[in-house]
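I opened this notebook to record what I looked up, helix by helix.

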Amino acid sequence: MRVTHTSFHQDPDHRQPSALLDAWPTLLGVASAVARAGVETSIVQGSAHDAIIRRDGVQAEFVSTQRSDGSMGTRLVRAPRRLLDAVKRTKPDVVHVNGLQYPFAIRDLIAAVPGIPVIVQDHASYPPRGWRRHVWRLALRRVAGVAFTVREQAAAFVAAGALGAATPTFTVLEGSSTFTNGDQDIARAACGLHGDPCVLWTGHLDANKDPLTILSAFERATPRLDDARLWCCFGTAPLLDAVQQRIERSPALRERVMLLGRQPHATMETLFRAADFFVQGSHREGCSYSSIEALACGTPPLVTDLPSSRRIVGDAGSLTPVGDADALADAIVNWARRDRASGRRAARARFERELSFDVIGRDLRGMYERLVRPS
C-alpha cells in the first residue's frame, strides 16, 4: 500500500525544505511512523522552494506553490496544479491531507485523483461560520473520511453544517514527540529550574490559554506548599501586561513565579524533565502537544478537562473544569503530596502506550486499510 501525505499550508517564513522538516517535526515524524508500520509513505508539501529530500524512510517532495497574488494564504485557495501533479506521480492508494481549512484545494485534489480515497486530518481548526460552512460542506462532500483527535471535535463541524452527518470520521492523534524521560536532577542543574513542587506552564498568554486563572490557582495553592515555584514559557503574549500586573499585586506570586518567555523547542525537553508537573488552563485544544511532550518526559499534566485532554492525559494527570482556579489549586496540592517517582513512571508509560509516533503509525495504517478495503 502506498500513501501520500500532503498539505496546502505554506510556511509563512519561506524556509528552505531541510529547515522546514526540522521546524515541523510532526510532518516527518508521522510519515516515518507510518512507513515503520509497513506502508510505503511519501510527502508532497507546498513550499517556497522545490526540493526532494529522503529521510527516515520517507521521500519528501517540496513543490514551489508561490503565487504573486498571495492566494496560497487564503482559506478558499485552489490547489496549485504543480502540487496536484506531484501527488499523482507518487501513484498513491490513499492520499492523507493535513489540514481541514482549505476546502476548495481538497476538492481539487479529489478531482485530480479519481477513485483514490482522500482522508483529511483536522489540525485544531475552528468550524466555519456563515456562508463558509456551506462552501465547506459542498467542497468536502466527497472526502473518504475526516480524522480528529476525538469524536467530539467532529460533532462540532457536523453541527455547524460544515460536514455531513454521514461523513466517515476517524480518531487519531495529530502528532507526538521524540522527547524522553531523562534524569530530573541533571535537567534541573542544566536549566536552573527548582521548587517543591517545580511547576512548568507553557503556552501563549492569551484568553484561550487563560494565564490569569493559572496564576490564581497557583496563588491559592502556595499557602499549602511552602517552596512551590511556577515557571512560565510563552510565545505570543497579548495578555503580558495583565499577567505582569497580576504577579506584581501578589506577594506570593512575585516571589514564586518566573516568566521565562519564548524558549527554543530543543530546550523544552530539559525544562519538562526538570519539572514535577505541567499546568495548562486552555479553554480549547485540538491536540495539546505540550501535554504530550510533558508525558514523554515523565511529567504529569494538570490541565483543563477538555475532550482531547481526556484522550491524551488519561489517568496520568489531572483534569479540572475550565476556569476553575480552586479546582486547579487543589490538583496541584494533591499531586504534590503523591509519590513523585511513581507519577513520573505512570506518565511515561501513558506516553509509550497511547501517544508515541509508533502508536500513531499503527493507527493510521489501520485507517488506510479500512479506506482501501472497506468491509
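I took buried to mean under 20% relative accessible area, exposed over 50%, and partly exposed in between, with a 1.4 Å probe and protein chains only. Helices are DSSP runs of H or I of at least four residues, strands are runs of E of at least two, and both are numbered from the N terminus. I noted that this is a predicted model, in which local features need pLDDT of at least 70, side-chain atom pairs count only at pLDDT 80 or more, and totals for chains, interfaces and linings use all residues. Residues are numbered from 1 along each chain as its sequence is written, and side-chain values use heavy atoms, with hydrogens and water left out.

**Entry: helix α2**

I looked up burial in α2 and found the helix mostly covered, with nine of its twelve residues buried. The buried residues are Thr-26, Leu-27, Leu-28, Gly-29, Val-30, Ala-31, Ser-32, Ala-33 and Val-34. Just after α2, Gly-38 takes a positive phi of about 100°.

**Entry: Ala-86**

I located Ala-86 in helix α3 (residues 81–89). Is Ala-86 buried or exposed? Its relative accessibility is 1%, so Ala-86 counts as buried. I listed its contacts (heavy atoms within 4.5 Å): leaving aside residues up to four places away in sequence, Ala-86 touches Val-44, Glu-61 and Val-63. I also noted that Ser-42 lies 44 residues from Ala-86 in sequence and 10 Å from it in space, C-alpha to C-alpha.

**Entry: α4 and α5**

For helix pairs I used axes that are lines fitted to C-alpha atoms over the stretch in contact, with angles running from 0 to 180 degrees between N-to-C directions. Helix α4 (residues 103–112) packs on helix α5 (residues 131–140) at an angle of about 15°, with the axes 8 Å apart. The two helices are therefore roughly parallel to each other; angles under 35 degrees count as such, over 145 as roughly antiparallel, 65 to 115 as roughly perpendicular and the rest as oblique. Pro-103, Phe-104, Ile-106 and Arg-107 of α4 make the contact with Val-135, Trp-136, Ala-139 and Leu-140 of α5. I sorted these residues into seven nonpolar, no polar and one charged, where Ala, Val, Leu, Ile, Met, Phe, Trp, Tyr, Cys and Pro count as nonpolar, Asp, Glu, Lys and Arg as charged, and the others, Gly among them, as polar.

**Entry: α8 and α9**

The axes of α8 (residues 211–221) and α9 (residues 240–249) come within 10 Å and cross at roughly 15°. That makes α8 roughly parallel to α9. On the α8 side I found Pro-211, Leu-212, Leu-215, Ser-216 and Glu-219, and on the α9 side Ala-242, Val-243, Arg-246 and Ile-247. This contact holds six nonpolar, one polar and two charged residues.

**Entry: α11, α12 and α15**

In α11 (residues 265–274) I found Met-268, Glu-269, Leu-271, Phe-272, Arg-273 and Ala-274 buried. Their cover includes α12 (289–296) and α15 (340–355). The axes of α12 and α15 come within 7 Å and cross at roughly 120°, which makes α12 oblique to α15. Ile-292, Leu-295 and Ala-296 of α12 meet Ala-347, Arg-348, Arg-350, Phe-351 and Leu-355 of α15. I counted six nonpolar, no polar and two charged residues in this contact.
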